Each structure stands twice: as structure tokens, then as C-alpha cells.
Amino acid sequence: MAAVITIGFAEGHGSLISPAVAVPAAPSVPAAPNASAEAKKECVGSDFATFGKIYDAIFDSIVPYLPPQVRKDRARIKAQAHRDMDRLRISNMVVSNHPNQLGAERGDPIMKYRDPISLYVVSQLLNVREGKQFQAITVENLTLAQAVETLWLLIHTTVIIPLTVVLSAVPNIAPIWGPINVRFLVTLPFYIGMYGARYLYQFISSALVNSCLVSMTQEERDRAGKPVKDLRFAGSVPKFIDEIAGQVDLADQRGCEPIGNQPMSRIVDRTTKYLVYTNKDPATKAAITGISRDIENRMRNTWVPANLIPADPADFNQIEGLISLLGGYVSPDIPITIGENQFSIGTSGAPLDIVIGLIHNFNHGQNLGEQVRLWDLPVTKSMTAAYYTMYFSIYVAQTIYANALPIALPGVAQYVPRPFGLFYAPLNFGFNAYHNVLRSMCFSEDKKVEAAIA
């Protein structure tokens, strides 16, 4: 039996090396298609183009330039390469999928509300829902889109997030002119690079999906990116994740509204029913029901100005997003003198984004004074309110720290690293990813209703 290289999760451990729990299938190198199959081939983008097909296209294109002996052995070389790619298998748990591969269509929420972390979470929840979480994909059958999304997730978590925290810690040293200081000159190229990398990724991802890369039959397209059915890695999914995965599905435009669009009342109702169902003690069930009834009454009688919650930064247009980004560098500080001490209050960050968000609401015809019951407030509005509350709280703490430090450490305060990147990172990369998941997924029962109506 040929040796099989497997990459996955060992049961009970975090290792990525694990034996597969099945007899490996024979190499899945496709047979040469007949003439009718050739006629039905279609040129596809990265969401269908597999490494095996891409290898064939590249190899065939360079054959005329290879030495005669290599050209003579090209069939054997290709067959060996395919066997090697088929032996290398990757766990579904470490692969992220492009929204197209998850079944999303243009205009579906996940196309707009996604980041590398949320896209990975959605991919894995759908894998668990379909029972594919520990299946394996051969490199032969891995699509280019899967490779791009997984690589970007790796770069995002191992480079961009840590680098953002480190750059945020650089102190404001050696003022040069206005907002320009050594920190500005040191960090600006990195921020521009990260901002550019994000847009470069978005451009490459979109361009590859919409490009003509290789020609494939319908059968090959149906198989592209799919795991090996008879090969599974050892492991288990925590029960609560399995339960969550069973209750959610991919949101769409046909009727399965995102969880983020649901009113708070539905979340309270679902949570109450779940707690009552999972608790067997009658007294506990009665207590839960009573608390839930009290919460519901409060929510029905609490009115909030929903449109005074600024628009989420994910909904900013390009101009608003650019103003928000550049505001951190060009927005002036407001000097305030109290007694013999002079303080400054920054106008960038949370204050600037709040103003941009309110202007965004006004420009979209929203009545800033309109009141809605907390019972009817959409989940995404409550998430955005929580985001700005945490964002502004960190901003206030940062302002107090920046003004108090020179008093506590005169002469050396400007050399002390800034710790607030450790607070912004969970907000910007954790909380926002969770919010994007809520905006990309719907309740599975809504999908069933949608299917019944269709």
C-alpha cells in the first residue's frame, strides 16, 4: 500500500498530523474524456479549477520548450505528479471556501459581509451541518479558490493581526510638524501595505473566480473541491458547536433572512425555548420562563432611537471608508487647558466614525429621531450599538491614558509603548467577525420554509 500523507486534527490534540480512519481510495486521476465529453467542456474560474487541472494546463503549455527526453516521458511525469497530489490530503477543517463554493449567489449577504475569519467560521459551520468536518480533500482536487482563501486566512491571522497590535503600540515620539511624527513615518508604510494587501486580495479573489483558467467537464466541476467520501480523520466536534451548526444555514435573497436582520424578540424567544428544553428540572424551567417573561415586558416597553445608532463601518461607502482611514493621521487634536496642565482630545477614531455613521444614516433618508421598541430592534443594530459602545470606551480610556501619562512620567512618557492595540484587536478582528457571521447566516427553519414555498 502506498504511503499516504495526511493533514488533519488528531483526536483530542491540536496537531495537524493524523492518520486517516479509512482505507485510502485509489488515486482519483480522471480518465481521459471521450469526444462527447470534450464537446461539453466549459472554461471555469478558480472556484472550479483544481490543482490537478491547473497542473495539466501549465505542463502542457511548457512541453514544447522542454528537452526531448522530458517530452518523451511527459505522460509518465504527469501521471506521477497526479499520484503525488492525490496522496497528499488536507482536512476539511483547515480549508476555507469562497462564497461561491458555499452556494452563495451575487447579492447574497456573505458577498458583502465577510472577512477571512468569518468566512472560515461559516465554512466550518456548514461542514459540520453537512457532516463533512473531518473529511479530507486531496491536493489533486483542491480548487484554486480554496487555496487562495485559506492562504489569506493564514496571512490575516499570523501576520496582519499581530502586526496591527505591534504598530498600535508604537509611541508618539519626536513630533516633526502637526500630526506628523516619527511614529507616523514608521507606521504609515505598514498601514498602507496592509490596506493595499486587503484590496489586492479582494481583486485577485474576484478576478480568479471570474476568469477563464481551465476547461472542465460537468462531472469534473461537480467533483471539484469536494472531499474524499471514504476517508475521514479522527476527531469530534463539541456538542454546542454541533447544535449551533444544525440551527443555521447560508442566508440568501430568496427568503432566508440573515440572523442580523431578525428582531431581538426572536432571539429572546429562541433562547428561552432552548434553555427550557435543555433543563429537566421543573423548578428551573419555571424560573427561566418567569425571567424571560420579565425581559420580554421590559423590551416591549423600552423605546430606543434606532437611527441614532451610527451606521456600521462595514456599510460605509468608499469615500466614507477612506475618510475614516485617513482621519487617524490628519485629524487634529483639540487642546484643552485646565489650570497649569494642557490636555488634548483626539478627533479621529471613535468620534470620527460616529459622525460618519450618523451622516450616512441621514444621507440614506433615515429619520434620526425615529423610536422603535427594543423588542423590534434588529440584531445587527444592537451589535453595531455594542461595537460603538466598546469602541468609544476604549477611545476614552486611551485619551485619559495619553493625557495622564505625561503627568505621571514627565520627560519619558513619549517613549512608553501604547497598550491599546491589545483592546482594539479583539474588537476589530473578533467582534466584527462574529457580526459578519450573523449577517451571513440565517436560521435553518427559514431555509426550510423558503424551500417549501419554492
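The legends below describe an overall view and several close-up views of a predicted model.

**Figure 1. The whole protein chain in the predicted model.** The secondary structure comes to 17 helices and 14 strands. Of the 454 residues in the protein chain, 39% are buried. Among contacts with a separation of 6 or more, 80% are between residues 24 or more positions apart.

**Figure 2. Residues 1-33 and the confidence of the prediction.** For the protein chain the mean pLDDT is 85, and 86% of the residues reach 70 or more. Residues 1-33 have pLDDT below 50. Beyond near neighbours in sequence, this stretch has 74 contacts in the model.

**Figure 3. Strand E4 and its partners E3 and E8.** Strand E4 covers residues 135-138. Strand E3 (residues 88-91) runs antiparallel to E4 and is joined to E4 by three bridges. Arg89 has Thr138 of E4 as its bridge partner. Strand E8 (residues 228-232) also pairs with E4 in the antiparallel sense, over two bridges. The bridge partner of Gln135 in E8 is Arg232.

**Figure 4. Side chains of strand E4.** In a regular strand the side chains alternate between the two faces of the sheet. In E4, Gln135 and Ile137 point one way. Ala136 and Thr138 point the other way. These four residues are all buried.

**Figure 5. The salt bridge between Arg254 and Glu105.** The closest N and O atoms of this pair are 3.3 Å apart. Arg254 counts as exposed because its relative accessibility is 52%, and the cut-off for exposed is over 50%. Glu105, at 43% relative accessibility, counts as partly exposed. Both residues belong to a network of salt bridges that also links Asp252 and Lys447. The structure holds 22 salt bridges.

**Figure 6. The salt bridge between Asp446 and Arg266.** The side chains of Asp446 and Arg266 meet at 2.9 Å, N to O. Asp446 is in helix H17 (residues 444-453) and Arg266 is in helix H11, so this pair links distant parts of the chain, 180 residues apart. With a relative accessible area of 14%, Asp446 is buried, because buried means under 20%.

**Figure 7. The salt bridge between Arg373 and Asp376.** The closest N and O atoms of Arg373 and Asp376 are 3.0 Å apart. Arg373 is partly exposed, with a relative accessible area of 25%. Asp376 is also partly exposed, at 38%.

**Figure 8. A nonpolar surface patch that includes Leu151.** The patch is made by Leu151, Leu154, Ile155 and Val159 and has an area of about 330 Å². Leu151 is placed in helix H7, which covers residues 144-169. The relative accessible area of Leu151 is 49%. Leu151 therefore counts as partly exposed, and its value also meets the requirement of over 30% for a patch residue.

Methods:
Residues numbered from 1 in each chain as written. Heavy atoms only, no water. Patch = residues over 30% accessible without salt bridge, like charges linked within 9 Å, V, L, I, M, F, W, Y side chains within 5 Å. Areas by Shrake-Rupley, 256 points an atom, 1.4 Å probe, with all protein chains shown as cover. Salt bridge = Lys/Arg side-chain N within 4 Å of Asp/Glu carboxyl O. Buried < 20%, exposed > 50% of the residue type's maximum accessible area, 1.4 Å probe, protein only. pLDDT = per-residue confidence, 0-100. Contact = heavy atoms within 4.5 Å. Pairing = 2+ DSSP bridges.
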